[in-house]
Amino acid sequence: YTILSKVHSDRNVYPSAGVLFVHVLEREYFKGEFPPYPKPGEISNDPITFNTNLMGYPDRPGWLRYIQRTPYSDGVLYGSPTVENVGKPTIIEITAYNRRTFETARHNLIINIMSAEVDFPLPYQAEFFIRNMNVEEMLASEVLGDFLGAVKNVWQPERLNAINITSALDRGGRVPLPINDMKEGVYVMVGADVPFSSCLREVENPQNQLRCSQEMEPFITCDKKFRTQFHIDWCKISLVDNTKQVSTFQEVIRGEGILPDGGEYKPPSDTLKSRDYYSDFLITLAVPSAIALVLFLILAYIMCCRREGVEKRNMQTPDIQLVHHSAIQKSTKELRDMSKNREIAWPLSTLPVFHPVTGEIVPPLHPDSYDNTSMPLMQTQQ
């Protein structure tokens with residue numbers, strides 16, 4: 001059910017539309033493209049990474065994905081081609097980078113997408129979410145074969161195909177913790193030609209739906225057939241029945257290509273009528289300016305013409321209050337004039353000093369010939 005091919009130079013592969021396609025880029029093959037180690041007989045283990053893109057474009061087609069976990073593991077191209085790509089050869093350029101020698105090797109992969117074998121394949125599709133698997137682990141042919149075998153035992157179809165595989169990280173999932181048992185999870189979509197079995201329908205029961213809404217495990221009778229190797233989240237299973245989907249496609253009715261007669265065409269006149277902008281000028285400039293001028297005159301009258309003045313204030317103030325105010329002003333002016341005459345710096349010998357050890361204030365040291373009678377009186381207030 002899965003087309004698995006090894007990497008070769010200019011290899012042609014023929015996948016079918018709607019069927020999972022897997023292409024492995026093996027590091028062992030590309031080791032022959034790079035020079036060996038200097039010592040003969042030594043096994044080389046160079047880190048090799050791959051870059052894949054559609055020829056002439058920087059990225060791959062939308063249906064094709066690529067994954068390589070580490071430079072010491074193989075790369076994998078996988079995806080499910082669509083019906084729109086049938087008959088169109090897709091050339092993928094594969095460039096291998098040797099991280100030790102910084103050399104490159106390029107090969108082409110020509111993908112020729114073929115149409116499906118039947119007209120209406122895989123009408124019943126089910127998508128499972130496997131929690132204990134990574135996408136590269138699930139892409140291995142042995143693991144995918146075991147999963148399809150378990151699904152076939154539960155479903156019992158005549159035809160069963162793997163349609164697509166998607167990592168949970170591509171669906172908005174979180175990166176798991178760096179623990180060995182933690183996996184990112186993978187979505188696997190399979191299709192069959194018979195209706196869904198009763199075991200798969202148990203997910204739609206009201207009891208199981210209630211348990212899923214409460215983040216509890218639902219009771220599925222066929223879960224034990226998967227539990228030994230695959231841990232399936234039954235709350236995230238999706239069942240799609242394409243036979244019940246109503247097509248919304250409407251056939252387009254094409255006419256004769258002639259427009260209906262709408263009369264004679266009349267183009268606009270070449271001469272434009274002049275427009276008078278005087279009224280626009282009055283509305284936008286003259287009217288706001290006139291209103292601003294009136295407000296300015298009113299404010300000027302209030303602030304200048306309605307001012308009481310000092311004389312009116314003195315007339316309304318009692319005489320005794322005016323006398324007291326005048327006396328206070330004269331006394332203040334006289335004190336200020338007297339204080340200007342005594343603003344003389346004192347000598348440094350009269351300033352207090354501090355003990356360098358204790359920090360206490362000690363009186364200044366004066367020589368014996370110092371005249372104590374000339375010392376200011378303020379020194380006694382220490």
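The torsion about the S-S bond of C212 and C235 is about -85°, so this disulfide (a pair of cysteine sulfur atoms within 2.5 Å) is left-handed. C212 lies in helix α5 and C235 in the loop between α6 and β12 (238-241), so the pair ties together parts that are 23 residues apart in sequence; helices (H or I, at least four residues) and strands (E, at least two) are DSSP runs, numbered from the N terminus. This is a predicted model, in which local features need pLDDT of at least 70 and side-chain atom pairs count only at pLDDT 80 or more, while totals for chains, interfaces and linings use all residues. Residues are numbered from 1 along each chain as its sequence is written, and side-chain values use heavy atoms, with hydrogens and water left out.

**Disulfides and cysteines**

- A disulfide is, in general, a covalent bond between the sulfur atoms of two cysteines.
- The structure holds two disulfides, and with bonded cysteines counted along the chain they follow the pattern 1-3, 2-4.
- C304, by contrast, counts as exposed, at 58% relative accessibility.

**The sheet around strand β11**

- Four strands form an open sheet in the order β10-β11-β9-β12, with antiparallel pairing, where two strands pair if DSSP finds at least two bridges between them.
- Strands β10 and β12 stand at the edges, each with a single partner strand, so one side of each is left without a neighbour in the sheet.
- Neighbouring strands of this sheet are turned by 15° against each other on average, direction ignored, where axes are lines fitted to C-alpha atoms, for helices over the stretch in contact, and angles run from 0 to 180 degrees between N-to-C directions.
- Strand β9 (residues 124-130) is joined to β11 by seven bridges and runs antiparallel to it, and F128 stands opposite V188 in β11.
- Strand β10 (residues 160-167) pairs with β11 in the antiparallel sense over seven bridges; I165 stands opposite V188 in β11, and T166 stands opposite Y187 in β11.
- Six of the seven residues of strand β11 (residues 186-192) are buried, so this strand is largely enclosed by the rest of the structure.
- Helix α3 (residues 141-155) lies across β9, β10 and β11, running at about 125° to β10.

**The protein as a whole**

- The protein has nine helices and 14 strands, and buried residues make up 29% of its 382 residues.
- Among the contacts (heavy atoms within 4.5 Å) with a separation of 6 or more, 64% are between residues 24 or more positions apart.

Notes. Buried < 20%, exposed > 50% of the residue type's maximum accessible area, 1.4 Å probe, protein only.
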